[in-house]
Amino acid sequence: MVERTAAPEAPPESDPVMPRALADIAPELDPALAAPSSLREFWGDFSQNRGAVAGLAMVIALVLVAIFADWIAPHSPIEQFREATLTPPSWHEGGTTKFLLGTDALGRDILSRLIHGSRLSLFIGFISVTLSLALGVVLGLLAGFLRGITEIFIMRLMDVMLALPSLLLAIAVVAILGPGLINAMYAIAIVLLPHYVRLARAAVIGETGKEYVAAARIAGAGPLRLMFNTVLPNCTAPLIVQATLGFSTAILDAAALGFLGLGAQPPTPEWGSMLADALEFIQRASWVVTWPGLAILITVLAFNLMGDGLRDALDPKLKR
Amino acid sequence: MLAFIIRRVMQSAAVMLTVAFVAFGLFNFVGDPVASMLGQDATPDDRARLRADLGLDDPFYKQFASFVGNAVKGEFGLSLRQGRKVSTLLKERMPATLELSFTAAILALVLGIPMGVYTALRRNSWFSQVLLTISLVGVSLPTFLIGIYLILIFAVLLGWLPSFGRGDVTALGWWTTGYLTQSGLKAIILPSITLSLFVMTLVMRLVRSEMLEVLRTDYIKFARARGLTDRSVHFGHALMNTLVPVITIVGLQLGGIIAFAIITETVFQWPGMGLLFIQAVQFADIPVMAAYLCLIALIFVIINLIVDLLYYAVDPRLRIDRATTGH
């Protein structure tokens, strides 16, 4: 399980002369700050990193595959072809073009299962990261703005969560909630939570002392507007980076939980549980293990590469 | 120093209490023990008596206090599945897990540090690029997949090493060790490699980035200007200064290794605590689950505490910081 944290005390400074908050309040003041130009600048930085672009391309391809899974997949992911169990891939001896990557022990087409599995993996990543990010940002903002007893309470709780090995925490949560895909997602979201809270809090504390925040305060912005409209947009870079890397953590963790039989339940075509089912056939049919493993590797690698590229482009200070 | 220690011990106690709370929560969330103990044709009177005997009618805080009290003594009751004392079960399984984790940690250090040094010193050589690429792939692969492939290659195709189990073990008192027999040593190779790979890549990347940082500093330039040999500069000056963070990270990862052994033990059917825990989760064997959670958390917390104290002892800057800002 990957535990990486983008630098907590490195808020982005896309434009030191005029912070984005002012553009939010009065966008007509400076048309140069409109979205396209900063996007183009970002793309310029991002596209210099070839690995990152490759990662982005893979992620886009995966998303497309996941969206159009019903049309791309040659068969249903749970349909069992009883006469064709453990068929090897088509280019092996005995393989047919009907099952391009072969079939598993129950005669289900592996390619179709992988294609539908991409949907699940991205869904798991998306839901758990979104949940965790949303909750983490709110808690982090609260801790950073209110300080005092709220901050101590929230941060100590996060310390306790960080003090346990992430996998153990996830398994404990699943053990309490009961095995299943949805509960695995909650567990992963909980495990990821402390990183976002700490990042958000550090960014908020770094930003609140700056003059544009004081200006917004004097202009009469209420606490909610200060939190979400003024400060939050200026803390997004480390959060975006962490969220991208969180995707790969979530997919790996979900695969591990699925492998242990605590995540997706059969016949759901989840990559980790596909691997667990395949384990006993490894001697006779190694392809049933190879393909899901390759799918996990490619997906996680893509998100890792993209996350590294995003970090370099959004947070120049972190570049080594 | 004393205040620091006291504060850290208090924090650790808070963590342990939280974990105990979660473990205690398992008992309350997962099913009703009275129903599973009495069966269907028990009368309400039977239930009430059993509830009172088990102390289930006590208020929540009292139950929790007695749970913590028993946990401190190592009493977690009987395993629901095996009908034996949980503490005995864990004690039987503990040597296997600890030997595996220890071997993995040593492997990670012994291989990870030289690889990190090499990739830092020969930054542009093709071999460094290969190592870095492999490490990126290694971070992106689930542990269990690496284990499965090691089994496929070394146990199934080549037939050199066993694919599961611990081999023959020798008993030393209550501790059983696989280090003393040939089959035990053979059996530990694949699981420990599997378990160590992730930490190994972590150590390698950490040593590399720290080395690159240190090599840029003035005292390295000064050491070179004094005409010291490359070897002395690289290993005597640079490496020594990178070791503090490396030891910290490895120490903190050690607890993680023990926890991640769950997956490796499942892949290799290694008879350790992790395997016991996973079986317990599948059978909803709550006393075993609760005891394992508490035990691992305890190991993790103790390691964290030791690392923090060591760090404090090794790095004088921490002490100066506190002295100037604290008062």
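The expected span is 1.5 Å times one less than the number of residues, and helices are DSSP runs (H or I, at least four residues) numbered from the N terminus. The model is predicted, with local features requiring pLDDT of at least 70 and side-chain atom pairs pLDDT 80 or more, whereas totals for chains, interfaces and linings use all residues. Residues are numbered from 1 along each chain as its sequence is written, chains are lettered from A in the order in which they are written, and side-chain values use heavy atoms, without hydrogens and water.

H5(A) (residues 110–146) packs against H10(A) (residues 223–231) at an angle of about 115°, with the axes 11 Å apart. Axes are lines fitted to C-alpha atoms over the stretch in contact, and angles run from 0 to 180 degrees between N-to-C directions. Leu141(A), Leu142(A) and Phe145(A) of H5(A) meet Leu226(A), Met227(A), Phe228(A) and Val231(A) of H10(A) (contact: heavy atoms within 4.5 Å). Just after H5(A), Arg147(A) adopts a positive phi of about 50°.

In chain B, Gln269(B) likewise has a positive phi, near 50°. This residue is in the loop between helix H10 (230–268) and helix H11 (273–282) of chain B. Gln269(B) is partly exposed, with a relative accessible area of 42% (partly exposed: between buried, under 20%, and exposed, over 50%; 1.4 Å probe, protein chains only).

Beyond four places in sequence, Ile171(A) contacts Leu257(A), Leu260(A), Leu262(A), Ile262(B), Phe277(B) and Val281(B).

Definitions and conventions. Helix = DSSP H or I, 4+ residues; strand = E, 2+ residues; numbered from the N terminus.
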